[in-house]
Structure formats: C-alpha cells, structure tokens
Amino acid sequence: MVDEAPQHLAQVAALIRGARQNKGLTQAQLAERLGTSQSAIHRIEQGSQNVSLDMLARISAALDSEIISFGAPKHSHLRVSGGHVLSGRIEVNSSKNGAVALLCASLLNRGRTTLRRVARIVEVDRIVDVLRSIGVQATWSADGRDLEIIVPEQLDLASIDVDAARRTRSIIMFLGPLLGLQDEFSLPYAGGCDLGTRTVEPHMIALRPFGLSVTAASGNYEAVVATPGAQDLSVVLTERGDTVTENAIMAAASRDGVTTIRNASPNYMVQDLCFYLELLGVRIEGIGTTTLRIHGRTDIDADVEYAVSEDPVEAMSLLTAGIVTGSEITVARVPIEFMEIELATLSEMGLRYSLSPEYLALNGRTRLVDVTVHPSELHAPIDKIHPMPFPGLNIDNLPFFAVIAACASGHTLIHDWVYEGRAIHLTDLTRLGADVRLLDSHRLDIMGPTHWSGAEVSCPPALRPAVVILLAMLAAKGTSVLRNVDIISRGYEQLQERLIELGARIETFRD
C-alpha cells in the first residue's frame with residue numbers, strides 16, 4: 001500500500017486529479033475505465049482512501065500518465081495549447097508566505113497550534129520536514145488541508161534535515177524564534193530562488209539587539225545568544241523586508257518587556273503572523289503600520305486555531321491569466337488591502353474590472369473581495385512600473401506586469417530595483433514574440449502589443465518569472481512547451497490544474 005500518512009495521500013491524490021483533468025475525463029469516466037465507482041475515485045482524489053500499487057498502475061494505464069515513478073526522478077514539463085479564451089470563477093488559495101511564517105512561529109508555542117487551509121506546496125513541505133526532523137509533531141488532517149503542530153520541551157537541532165533546510169530560504173526565519181529558546185544553535189545556509197545576491201545582513205542587524213551573534217562556518221550559521229535582559233528595546237530595521245520584520249517580531253514575542261520595531265513591513269504575511277501571535281497572548285500595537293510595539297511573553301502555552309489568509313500574489317497570477325488571454329473571469333477571495341495599488345495601476349492601463357462587496361476571511365481580520373476582469377484594450381502607463389514595500393506595489397507581483405505590458409500598446413518601463421537578476425529572466429518572453437529589451441540588470445523596456453506565438457522555453461530558475469512565461473503561453477497561439485517546471489510547485493498548489501478549470505489547455509508530461 002502507499003504510505004498511509006495523509007501528506008503522501010494528498011500528493012498522490014493531486015497527481016491523479018491533475019492527470020485526469022489533463023485528459024479531459026470526469027470522475028465517472030475514469031471510474032468506468034477502472035471498473036470501479038465514481039465515489040471511489042472521489043475518495044482517492046480527496047486523499048481519503050489508501051491506494052495500492054496495483055491500483056496506481058491501473059490508474060496510470062487508464063490515464064496514459066505515470067503517476068508515480070521509481071528510480072531516478074524525471075523532470076516535469078508543460079505542453080500548452082494557447083490562444084484560447086478562459087472563463088469561470090476561481091478562488092484564491094491561502095498564502096504560501098503566510099504559511100511559512102506561521103510554521104516558524106509555531107516553535108514559540110508549547111501548546112497545540114492548528115493551522116487551517118495551509119497551502120500544500122513544496123516550500124511548506126520542506127519547512128514541515130525540517131520541523132519534524134528536530135522533534136516537532138506535525139500532523140496533517142485527513143483531507144490534507146489543516147496542520148496540527150506540537151512542539152516538544154527540547155528541540156533536537158542536531159538532527160535537523162540539512163537537505164530540506166538548505167533548499168529553502170525560509171530557514172533564515174528560524175533565527176527569530178530559536179534565539180528565545182536556545183543559548184547556542186546551528187542552522188544550515190539558506191537557499192531558494194536564483195535572484196542574484198540576497199544578503200542576510202539585514203536579519204543580523206534586526207536580531208543583534210536581542211543578543212544574537214552569528215558567524216558563518218562550514219556551510220552553517222553558528223549562533224550564540226546573550227540575554228539582553230527584560231528592559232524595553234527599540235529596533236530600527238535598515239531594510240523594510242517582510243522576512244526581516246517577521247524575524248524581529250518572533251524574537252520580540254518571546255522576551256519580557258516591550259519591543260518597538262520601526263521601519264517594519266506591514267505586508268500580508270506580517271499581519272498573519274501578528275494575528276497568530278495575538279491568539280497566543282502576545283499583545284501587539286500598530287498592526288498594519290510601520291511601527292510595532294510588541295509586549296512579549298517568556299511563557300507561551302496555548303491551544304489555538306488560525307486560518308491562513310489568502311495569497312495576493314496568487315490572486316495577481318490568476319487575474320493576469322484572464323488579462324493576457326482577453327477573458328472574463330472572476331477571481332474570488334482576493335485580499336483587497338494588498339491588491340489596491342496593482343488594480344489602480346491596471347486601471348491606468350485601461351483594464352476594466354468590477355469588485356464585489358467586501359467580506360471577511362476565515363481569520364476574521366483580512367478583507368476580501370471577488371474581482372471580475374473584463375476583456376480590455378490596454379495601453380502603456382505614463383510612468384514606470386516599480387515595486388515598493390507595502391502599501392506599494394508588491395515586489396512579488398511586479399513580474400506579472402511584464403507580460404501584461406507586452407499585451408498593451410506603447411512602451412512600458414519596468415524597474416525591478418530589488419533583485420539583481422530577476423529582470424533578466426523576464427527577457428525569455430521574447431521567445432514567445434514579445435519585444436522586451438533589457439536596459440540593465442534592473443530595468444526592462446517593453447513594447448506592445450505582442451503578436452504571441454508558441455515556442456519551447458526552459459523554465460527560469462526563479463518562481464515568479466517561471467509563472468509569467470506560463471501565462472504568456474496561454475496567450476500564444478499554437479503549442480508551447482515549458483520545460484523543467486518543478487520550481488512552480490515551490491509557490492503554487494496545482495497551478496496548471498487550476499488554470500485548466502478556467503479552460504486553459506495544459507498537459508503535464510515527463511521524459
């Protein structure tokens with residue numbers, strides 16, 4: 001039998017569901033091919049039924065798709081038949097960045113943490129693997145959507161899963177909670193996307209007031225903590241980064257006294273973290289602003305439930321799919337507070353869209369709307385498009401404006417001042433017919449509108465540019481192939497299957 005752990009069943013279920021949808025079959029049609037019932041297929045695709053190897057082989061044969069392979073891993077590729085109009089309604093999933101921060105923050109709690117609607121993505125799985133390796137009980141619910149976390153009295157950091165830790169940059173966010181729990185500890189170097197040089201020095205500057213000193217040795221961060229005492233602290237962040245702010249917040253949450261953090265990021269994942277910590281009894285003033293006052297607690301022991309808020313970057317991804325294909329689609333559960341600048345910029349470019357009345361997310365705090373985009377004649381904005389810390393245009397949403405600008409008439413200047421290498425990856429749009437000129441490592445000049453045409457492209461080694469290329473392929477007439485797409489699963493849960501629900505024609509294959 002396949003491993004009965006819910007996370008493995010959920011992964012197998014997603015593969016089967018995606019392969020069936022790629023073949024255009026209903027659950028009833030697949031059940032007929034297998035000589036079983038539709039309800040059995042439904043249970044399998046929900047991850048609520050064990051699947052034998054024999055059944056997996058039969059499903060693979062029925063779908064002409066290798067569900068699980070043995071031996072050397074094979075890379076996944078996507079074949080896209082583009083130029084088709086999309087339609088329908090799709091809900092935004094919960095935030096990857098929010099989930100990662102909450103997983104790290106759960107280390108502070110000696111009670112039971114239950115996270116609802118957790119994104120089932122590679123980045124989350126890596127952090128869960130790291131947590132389990134150091135003794136944390138992390139148990140998925142039967143449907144694979146909720147995660148229960150119980151932290152032991154003593155963490156076994158010597159047994160940390162080094163491979164999983166080094167494959168995620170999020171491991172850097174263990175520094176904040178661990179400095180309140182350990183006098184000395186070691187963490188593997190952080191990894192992540194290929195986005196040029198990304199220094200960890202802002203994290204070090206943020207955490208030194210809490211007594212942390214770090215030296216680099218043999219591929220690890222070697223940390224020593226000197227207790228700063230119970231006096232009030234004032235911390236000024238030199239970079240208003242999301243993860244830097246989160247590290248400082250987690251460090252402040254577990255210490256006596258009041259910590260004031262200035263130049264803090266008020267972004268969506270930071271707010272999620274604050275809402276969770278409030279449930280743990282940590283009082284936080286200034287949530288949603290750049291100055292936070294955190295009343296820490298050395299003893300945090302509470303059984304809490306928290307629903308992760310919706311992901312504005314996934315919302316932007318789905319809206320972009322509708323925009324570049326000239327479609328009318330509704331993207332539901334959009335966290336509007338974190339999309340207002342993006343929508344204002346799109347409106348300036350001529351996009352027509354409508355909003356539903358606001359309603360609250362399951363966390364009771366985040367404001368949501370449904371956004372319907374309508375086919376529009378787009379034109380280049382007068383000014384350049386550039387990101388800023390919240391409440392500016394989201395840094396992770398900037399790449400989507402490259403493919404949107406390529407659909408608009410006129411010249412658009414995109415200035416990605418944050419990352420040295422990301423703009424270079426967006427020049428792959430030229431393979432599909434776009435007129436994209438790299439002015440320097442941070443700036444792109446894009447001339448539209450583009451007459452898109454299908455092509456074969458290797459996936460860029462960065463998450464958002466990879467998705468941008470996929471979305472451009474939806475607009476390109478003919479057949480395109482996007483090779484080595486495994487990086488997309490780092491930040492998106494079954495993205496191609498969700499696009500298929502809107503009418504996209506995407507097939508996954510391996511070679």
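Of the contacts in the chain with a separation of 6 or more, 74% are between residues 24 or more positions apart, a contact being heavy atoms within 4.5 Å. The model is a predicted one, so local features need pLDDT of at least 70 and side-chain atom pairs count only at pLDDT 80 or more, while totals for chains, interfaces and linings use all residues. Numbering runs from 1 along each chain as its sequence is written, and side-chain values use heavy atoms, with hydrogens and water left out.

As for the overall build, the chain has 17 helices and 23 strands; these are DSSP runs numbered from the N terminus, with helices being H or I of at least four residues and strands being E of at least two. With a radius of gyration of 23 Å, close to the 24 Å that the globule rule gives for 511 residues, the chain is as compact as a globular protein of that length. Here the radius is taken over C-alpha atoms, and the rule is 2.2 Å times the number of residues to the power 0.38. Along the principal axes, the C-alpha atoms fill a box of roughly 65 × 60 × 50 Å.

The chain exposes about 19,600 Å², and carbon and sulfur atoms supply 48% of that; areas come from the Shrake-Rupley method with a 1.4 Å probe. On the charge side there are 45 positive and 61 negative side chains, the centres of the two sets lying 3 Å apart. Lys and Arg count as positive and Asp and Glu as negative, with His and the chain ends not counted; each charge is placed at NZ of Lys, CZ of Arg, CG of Asp or CD of Glu.

Some loop residues are worth a look. N267 sits in the loop between β10 (258-262) and α11 (268-279) and is buried, at 5% relative accessibility. Setting aside neighbours within four places in sequence, N267 is in contact with D242, F338, F390 and N394. F390 also takes part in a cis peptide bond, to P391, with omega at about 15°. P391 belongs to the loop between β17 (367-374) and α14 (400-406). Another cis peptide bond joins G448 and P449, with omega at about 5°, and P449 is in the loop between β20 (443-448) and β21 (456-458).

Back in the loop between β10 and α11 lies N263, which has a positive phi of about 60° although it is not a glycine. N263 is partly exposed, at 24% relative accessibility. R333, also not a glycine, has a positive phi near 65°; R333 is part of strand β14 (residues 328-335) and is buried at 14%.

What about the cysteines? The count of disulfides is zero, taking a disulfide as a pair of cysteine sulfur atoms within 2.5 Å. For C104, the nearest cysteine sulfur is that of C274, 15 Å away, and C104 is buried at 0% relative accessibility. For C407, the nearest is that of C459, 19 Å away; C407 is buried too, at 18%.

Conventions:
Buried means under 20% relative accessible area, exposed over 50%, partly exposed in between (1.4 Å probe, protein chains only).
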